[in-house]
Amino acid sequence: MHIEKNICDSLLGTLLDVPVKTKDHVNSRYDLQDMGIRKELQQVKDNNGKVYLAKACFSMKPEEKKLFCNVLRNAKLPKERASNISRCVQVDETKISGYKSHDAHFIMHYLLQVAVRKVLPKNVSLVLIRLGNFFRSICSKVIRRRDFDTMQSEINEIECDLEKIFPPTFFDIIVHLPVHLVNGIKLGGPTHIRWTYPTERNMCKYKAFVRNQAHPEASIAEGFLAEEFLNCCSRYLHDGVKTRFNRYQYEDDEGIETEGDNFSPIFPIIGHPIGSKKKRKGKTFSMDLQLSFEAHR
């Protein structure tokens with residue numbers, strides 16, 4: 001999960017040319033000259049001694065950067081799938097910052113592949129799309145053993161293609177680590193069983209229990225017990241009292257029928273327009289089995 005976050009930081013910083021975060025800077029171009037490689041990216045001096053940097057194949061124009069940012073900002077995400085990524089996107093400054101590790105996980109798997117299609121050359125966008133597909137494949141709940149060799153050869157080719165596109169400063173130890181992820185799955189099992197997203201969420205929850213900075217452990221224990229007591233008591237309240245266990249998931253769900261043979265409290269037959277409540281143009285609607293299956297698919 002942290003590999004995805006660091007690679008996402010490097011990619012977004014380099015593609016959008018964010019100061020400090022970009023890996024394509026003046027020193028990296030001088031490194032190319034010292035190493036005697038990638039002559040098309042080396043700096044050029046004019047007759048007046050002024051140094052110019054050649055445009056890289058992954059460089060974007062200002063309008064292309066704004067289009068890239070708008071794709072991430074206007075993406076409509078299902079509820080609780082990811083946080084509000086749009087708050088992290090600054091279109092005018094063409095900068096993306098403040099997103100969490102799970103947001104980077106979602107960007108690498110889905111959003112980046114859409115954003116690069118219209119703003120980058122085909123050879124660059126294809127490599128980034130393949131990189132996102134690789135991360136999505138290793139995070140699958142079911143991975144067949146016969147696919148290990150294919151996944152390993154795929155990430156090896158992706159790393160070689162990235163070396164042809166980005167400067168050597170882009171390839172720190174984090175960018176190299178995906179080569180070893182397939183072997184880690186062989187030894188430790190699927191990735192989604194071993195990552196620390198649930199642990200970090202619990203730690204954030206426990207941190208909110210701290211009321212006395214002098215005794216954080218006691219505050220967490222007291223807050224945890226209080227929550228357990230409230231949950232236990234709320235299960236015995238009558239139906240007229242709305243609790244976290246019997247309330248509707250949305251405020252506008254109260255007019256929907258919840259009786260009948262097809263009703264499921266875990267998977268209710270209720271549809272919602274995707275997006276925040278303020279941006280919704282329609283109310284909830286009931287779905288038959290066929291429509292529910294198509295929407296889920």
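**View A. Arg130 is a buried residue, at 19% relative accessibility, and belongs to a network of salt bridges.** Buried stands for under 20% relative accessible area, exposed for over 50%, and partly exposed for values in between (1.4 Å probe, protein chains only). The model is predicted: local features need pLDDT of at least 70, side-chain atom pairs count only at pLDDT 80 or more, and totals for chains, interfaces and linings use all residues. Residues are numbered from 1 along each chain as its sequence is written, and side-chain values use heavy atoms, leaving out hydrogens and water. The network links Arg130, Glu154, Glu157 and Asp161. A salt bridge requires a side-chain nitrogen of Lys or Arg within 4 Å of a carboxyl oxygen of Asp or Glu. Helices (H or I, at least four residues) and strands (E, at least two) are DSSP runs, numbered from the N terminus. Arg130 also forms a salt bridge with Glu157, and here the closest N and O atoms are 3.1 Å apart. Glu157 lies in helix α6 and Arg130 in helix α5, so this bridge ties together parts that are 27 residues apart in sequence. Glu154 is partly exposed, with a relative accessible area of 26%. Glu157 is partly exposed too, with a value of 43%.

**View B. Lys23 and Asp172 are joined by a salt bridge through their side chains.** The N to O distance in this pair is 3.9 Å. The bridge links distant parts of the chain, 149 residues apart: Lys23 is in the loop between α1 and α2, and Asp172 is in the loop between α6 (148–165) and α7 (173–176). Lys23 has a relative accessible area of 22% and is partly exposed. Asp172 counts as partly exposed at 29%. The structure holds eight salt bridges.

**View C. Lys65 is a buried lysine in helix α3.** The helix covers residues 62–73. The relative accessible area of Lys65 is 14%. Not counting residues up to four places away in sequence, Lys65 touches Leu15, Leu16, Asp17, Met60 and Thr94. Contact is taken as heavy atoms within 4.5 Å. Leu16 is 49 residues from Lys65 in sequence, while their C-alpha atoms are 6.3 Å apart in space.

View D. Most residues other than glycine have a negative phi. Val20, not a glycine, has a phi of about 75 degrees. Val20 lies in the loop between α1 (2–15) and α2 (26–35), and is exposed at 86% relative accessibility. The phi of Arg38 is near 50 degrees, again in a residue other than glycine. Arg38 is placed in the loop between α2 and β1 (44–45). Its relative accessible area is 18%, so Arg38 counts as buried.

**View E. Val26, Tyr30, Val51 and Leu53 make a nonpolar surface patch.** The patch has an area of about 300 Å². Patches consist of residues with over 30% relative accessible area and no salt bridge; like charges are joined within 9 Å and nonpolar side chains (Val, Leu, Ile, Met, Phe, Trp, Tyr) within 5 Å. Leu53 is in the loop between β2 (51–52) and α3. Leu53 is partly exposed, at 41% relative accessibility.

View F. A disulfide is a pair of cysteine sulfur atoms within 2.5 Å. Cys233 is in no disulfide, and the structure as a whole holds zero disulfides. Cys232 is partly exposed, at 43% relative accessibility. Ser234 is found in helix α11 (residues 216–234). Ser234 counts as buried, at 12% relative accessibility. Leaving aside neighbours within four places in sequence, Ser234 is in contact with Thr243 and Phe245.

Technical notes. Areas by Shrake-Rupley, 256 points an atom, 1.4 Å probe, with all protein chains shown as cover.
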